[in-house]
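Keep the viewer open and try each task before you read its solution.

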Amino acid sequence: MGLIDNANREAFKRLDKSNPELTGIVYAKDVLPEMDKYTIGHAGPPIKWEDMCGPLKGAVLGAIRYEGLCETDVEAGVMVESGKIKFRHNHSVDCVGPMTGMITYSMPLFEVSNLAFGNKAYCSFNEGLGKVMRFGANGPEVIKRLKWIEEELAPAFKKALDRRGPVNLKVLMTKALAMGDEMHQRNTAASSLFVREIAPALAAVTDNKESLVRIMEFITGNDQFFLNLAMAACKSAADAIKNIPYCTIVSAMSRNGTKFGVKVSGLGDAWFEADCLMPKGLYFPGFTAEDGNPDIGDSAICETYGIGGFAMGGAPAVVRFVGAQSAAEAVEFTNDMMEICEGASSQLLMPSMDFQGVPSGIDIRKVVETGLLPVINTGIAHKEAGVGQVGAGIVRAPMDCFTDALAAFAKKVLPEEEQI
Amino acid sequence: MSKAINMLFSNKVAVVNAGIAAFADASREQGAESVHVEWKPPAAGSERLIAILNKLKKL
């Protein structure tokens with residue numbers, strides 16, 4: 001095997017060996033570097049305020065109000081325009097957040113440790129469906145819910161986790177996949193399994209019965225609760241393959257609603273960007289494709305690892321929700337992704353595909369050569385600030401990210417006389 | 001005309017179609033047995049990208 005094949009094999013082994021575990025509930029202010037109330041983490045590659053899409057701007061204005069820095073969106077806008085607010089992309093500080101991906105000073109985070117390699121990754125709590133900040137909504141009910149997550153839900157989770165001990169996420173993900181979740185747009189089984197793990201400890205540590213009822217109603221009423229845990233798990237695995245020399249495996253895919261970014265293991269922290277594409281899918285009653293914002297969110301970390309769209313063949317129940325036609329089409333998606341990946345997971349198996357492992361480790365060479373683009377299952381945000389989720393669907397990563405990355409890779413590794 | 005070509009025109013045609021699926025459909029509509037092979041030129045036919053891929057294969 002050559003240098004690239006060896007490096008890619010190593011990357012796949014690390015992805016496969018990764019063992020993510022929920023080890024703590026922490027606050028952004030306590031664990032993230034240079035975090036203050038004026039610093040806002042967002043999804044995707046770096047972006048300036050003036051280039052942000054509607055839902056990202058809406059979420060930013062809401063996040064400023066959530067931190068108590070002002071009362072109104074107008075005041076928040078003035079703070080941004082005056083340069084008081086610092087933006088940074090979540091991936092730069094070991095974090096991920098779904099859709100707009102807001103991570104601010106006071107927010108609680110899931111801390112996930114990759115036991116195989118010792119690195120940690122963080123993700124915010126899932127807020128539920130509909131009018132939520134991750135989809136760009138920022139009304140009083142959105143801020144109130146986030147405050148409740150910070151002040152009641154997260155402290156209870158922290159106490160429960162301290163009592164119970166860590167929750168192994170790989171075991172849960174393996175079980176959930178066997179129960180029909182692809183863990184991006186379908187987390188019904190994973191969320192239920194997680195509640196089964198945490199509920200006894202939550203009941204034990206929560207003295208106030210009304211508080212316990214609120215907490216249990218919230219986590220059992222949200223099928224997507226596990227998504228954020230899956231994302232942190234996938235981030236912890238993907239970070240374990242960063243900076244392997246000669247490696248052409250993708251170490252991150254993420255979108256800020258304007259640009260789609262791809263990172264490649266052997267190319268360090270460089271983002272290769274292209275315009276985000278529009279998801280194709282189903283819209284909630286009263287909304288159409290005209291209302292949808294281009295693809296957004298850090299959640300493509302799921303596909304970077306090998307779940308979500310890559311595992312659709314093992315999750316026929318999600319097919320109609322994301323607007324695909326048939327279970328056979330879902331199998332086709334997974335088989336196509338196998339063609340662009342280095343290997344198949346030895347543990348995340350899909351019973352409905354005769355226990356085939358999910359495709360893992362996207363090789364940019366194979367993407368460019370075959371023309372098969374990574375498929376991502378995603379929620380769809382309204383293109384205007386403040387509205388929220390309007391649908392769900394399927395989207396592809398743009399080819400230019402991969403062709404640009406391939407050209408940069410060749411420039412880096414080929415000797416002078418071989419440059420093209 | 002060679003014997004092989006003559007045989008082609010005198011026997012029932014069976015088609016292996018590579019690339020555009022519509023050609024396979026058209027053959028079938030005209031009564032020919034047709035198998036479609038999904039195929040695209042590598043790197044969408046970009047000579048520069050194909051050259052890069054070939055050079056990387058040697059590393």
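## Exercise 1: a helix and its neighbours

Task: find how far helix H13 (residues 399-413) of chain A reaches, and which of its residues are buried.

Solution. Step 1: H13(A) has 15 residues and spans 21 Å from its first C-alpha to its last, close to the 21 Å expected at 1.5 Å a residue. The expected span is 1.5 Å times one less than the number of residues. Helices (H or I, at least four residues) and strands (E, at least two) are DSSP runs, numbered from the N terminus.

Before going on, note that this is a predicted model, where local features need pLDDT of at least 70, side-chain atom pairs count only at pLDDT 80 or more, and totals for chains, interfaces and linings use all residues. Residues are numbered from 1 along each chain as its sequence is written, while chains are lettered from A and ligands numbered from 1 in the order in which they are written.

Step 1: the buried residues of H13(A) are A:Cys401, A:Phe402, A:Thr403, A:Ala405, A:Leu406, A:Phe409 and A:Ala410. A residue is buried if 20 or more other C-beta atoms, placed from the backbone, lie within 10 Å of its own; 12 or fewer makes it exposed, and anything in between partly exposed.

Step 2: these buried residues pack against strand S9 (259-264), strand S10 (272-275) and helix H12 (364-370) of chain A, together with helix H3 (47-57) of chain B. Contact here needs C-beta atoms, placed from the backbone, within 7 Å.

## Exercise 2: a covered strand

Task: is strand S5 (residues 108-114) of chain A mostly covered or uncovered, and which strands does S5(A) pair with?

Solution. Step 1: S5(A) is mostly covered, as seven of its seven residues are buried. A:Pro108, A:Phe110, A:Val112 and A:Asn114 point one way, and A:Leu109, A:Glu111 and A:Ser113 point the other way.

Step 1: S5(A) pairs with strand S1 (residues 20-27) of chain A in the antiparallel sense over seven bridges. Pairing requires at least two bridges found by DSSP. A:Tyr27 stands opposite A:Pro108.

Step 2: five bridges join S5(A) to strand S6 (residues 120-124) of chain A, again antiparallel, with A:Phe110 opposite A:Cys123. In this hairpin, five residues lie between the strands, and A:Gly118 takes a positive phi near 85°.

## Exercise 3: one residue

Task: why does A:Ile64 count as buried, and what does A:Ile64 touch?

Solution. Step 1: A:Ile64 sits in helix H3 (residues 54-66) of chain A. Step 2: A:Ile64 is buried because 25 other C-beta atoms lie within 10 Å. Step 3: leaving out residues up to four places away in sequence, A:Ile64 touches A:Leu69, A:Cys70, A:Ala76, A:Met79 and A:Ile85.

## Exercise 4: where the chains meet

Task: how many residues does each chain bring to the contact?

Solution. Chain B gives twelve residues and chain A gives 16 residues. The model scores ipTM 0.88 and pTM 0.93.

Terms used:
Two residues are in contact if their C-beta atoms, placed from the backbone, lie within 7 Å.
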